[in-house]
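Biologist: I am new to this one. Please show me the structure, and then let us go through it.

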Amino acid sequence: MTYWMISANENKYNHVSAFNKWGSIDWKTYANYTPGDIVYIYCSRTKRKVMFKTVVEKTGIPFDERIDDASLWNERDEVDPSMKYTRLRLIRTIDRNELSLENIKKIGIKNGPQRPMKLSLETVNYFEKFFSIGMDEEGIISFPCGETYGLVRETNIHAHPIDHKPRIEKVPRYLMVRATGGISDDLFVIERTIEFNPLDIEELDKYKSEWFYNNLKLYISKRKNSVFGFKSAPIPYRYYILNKVYSFDPAFKVNHNGPNYRFLTFEDIGVELIKHTELKKPIIKVSADEIEASEGEEQSIKKAIESLLVDESKSVTGYEYVAKPEDRKEVKESSDSMRPSLYPRDPQKRINALNRAGFVCEINPDHKSFISKRTNKPYMETHHLIPLEYWRSFDNNLDVEANIVCLCSNCHNEIHYGKYADKLIRPLFMKREYELQEAGISIDLDDLLKMYNGEEIEY
């Protein structure tokens with residue numbers, strides 16, 4: 001699948017009326033389009049914005065078989081009967097200043113294209129920030145999932161063909177999936193949507209650098225091998241990248257359950273998503289001295305971890321962990337006024353986390369390591385997802401297995417020193433968010449990322 005941008009002169013042709021009337025436009029073919037390609041339309045005169053997202057539905061349409069849209073032309077170009085046409089079906093229309101010519105120039109687009117322009121993945125990612133989520137639409141879309149219900153909950157991914165009937169014109173900010181009988185256990189926020197053919201491995205690999213790639217790959221692999229599967233025809237699917245924000249207890253049942261999606265309101269489901277700022281404790285900005293001292297403590301504790309790994313009685317293969325709140329540990333004031341007080345660390349918790357993960361990297365189990373000559377096990381490192389330096393901001397213990405992840409050395413270093421560390425932090429948080437809550441540790445992703453950026457967080 002290829003992403004394109006084309007220009008349209010809204011003073012010459014009434015695109016809005018065409019899409020409202022037919023849902024599609026037949027466009028003169030000036031590029032090598034393929035069915036399933038995505039085409040963004042830039043309105044070049046009055047609006048001067050990217051406003052339409054379309055999908056190529058059919059190519060090679062002869063002149064006499066095109067949609068008869070003569071009444072919508074104000075100033076028609078010269079007609080060439082030998083010209084072939086491409087049918088562009090509307091996916092969505094938006095009107096946002098972020099997609100004005102002035103703003104898209106900031107991401108490398110010099111001017112509105114005179115001819116069809118192929119887009120880079122970076123440009124598509126920027127466009128999709130606004131096309132994929134209805135930022136002003138705080139409703140909920142509910143999908144029946146049947147056999148894939150458990151897979152959606154496991155991966156935080158949902159998908160359907162983009163030729164879904166009836167067509168989905170607007171994507172709200174929240175999503176629920178329904179098991180057989182209309183039962184829903186969770187409410188998700190839609191972080192992003194993307195579209196490509198799941199049978200095209202090259203298209204999937206374009207998202208290798210994205211934080212959701214491993215979950216997306218797992219979803220596609222498991223769904224391919226399930227009874228549900230994917231359509232065999234080369235049809236693009238829309239993938240919803242999700243983040244769970246609420247669990248129903250007991251499960252919520254959607255009335256009038258049927259085969260199609262439904263739009264719901266928060267009033268329908270009896271949930272108020274309110275950020276209770278008065279219940280949150282302010283997070284103190286951690287000093288550089290404390291961060292440095294904490295990193296030094298991490299280095300010294302490595303020897304203790306290795307010693308425990310050598311002791312087979314301390315290293316339980318397939319360790320099972322049930323998250324529950326633990327009281328915050330007492331922190332002794334440092335006798336050295338120049339040395340910050342450090343939160344106590346329990347090496348056995350690290351051993352449990354390594355065994356629980358099976359000594360494979362939790363970012364990607366295919367990441368290669370080596371056998372440690374000291375422990376005779378794959379060399380892996382542990383990392384506190386919520387840094388221990390922020391212990392003052394939480395009532396419960398941060399040094400628990402729910403907050404400790406197993407990483408290869410490269411991923412661990414990238415989280416600490418990498419420019420794009422957030423691409424690793426996001427999937428780890430999505431994987432551990434529920435368990436952290438069970439351990440009495442409440443934090444949202446934005447605040448966690450601020451911690452890693454050294455920002456002060458105020459509630």
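Biologist: How many bridges join strand β4 to strand β5?

Modeller: This is a predicted model, where local features need pLDDT of at least 70, side-chain atom pairs count only at pLDDT 80 or more, and totals for chains, interfaces and linings use all residues. Residues are numbered from 1 along each chain as its sequence is written, and side-chain values use heavy atoms, without hydrogens and water. Strands (E, at least two residues) and helices (H or I, at least four) are DSSP runs, numbered from the N terminus. β4 (residues 49-61) and β5 (residues 85-93) run antiparallel, and the number of bridges joining them is seven.

Biologist: Which residue in β5 is the bridge partner of Val55?

Modeller: Two strands pair if DSSP finds at least two bridges between them. In β5, the partner of Val55 is Arg89.

Biologist: What is the order of the strands in the open sheet that holds β2 and β6?

Modeller: The pairing in this sheet is mixed. β2 (24-28) and β6 (117-118) are its edge strands, each pairing on one side only. The six strands follow the order β2-β5-β4-β3-β1-β6.

Biologist: Which residue in β11 is the bridge partner of Val189?

Modeller: β10 (residues 183-196) and β11 (residues 237-253) pair in the antiparallel sense over twelve bridges. The partner of Val189 in β11 is Asn243.

Biologist: Are α11 and α12 parallel or oblique to each other?

Modeller: Axes are lines fitted to C-alpha atoms, for helices over the stretch in contact, and angles run from 0 to 180 degrees between N-to-C directions. Those of α11 (residues 422-438) and α12 (residues 445-452) come within 11 Å and cross at roughly 140 degrees. Under 35 degrees counts as roughly parallel, over 145 as roughly antiparallel, 65 to 115 as roughly perpendicular and the rest as oblique. The two helices are therefore oblique.

Biologist: Which residue meets Lys222 in a salt bridge?

Modeller: A salt bridge is a side-chain nitrogen of Lys or Arg within 4 Å of a carboxyl oxygen of Asp or Glu, and the structure holds 16. Lys222 lies in α6 (residues 213-224) and its partner in α4 (residues 149-155), so the pair ties together parts that are 68 residues apart in sequence. At 2.9 Å, N to O, the partner of Lys222 is Glu154.
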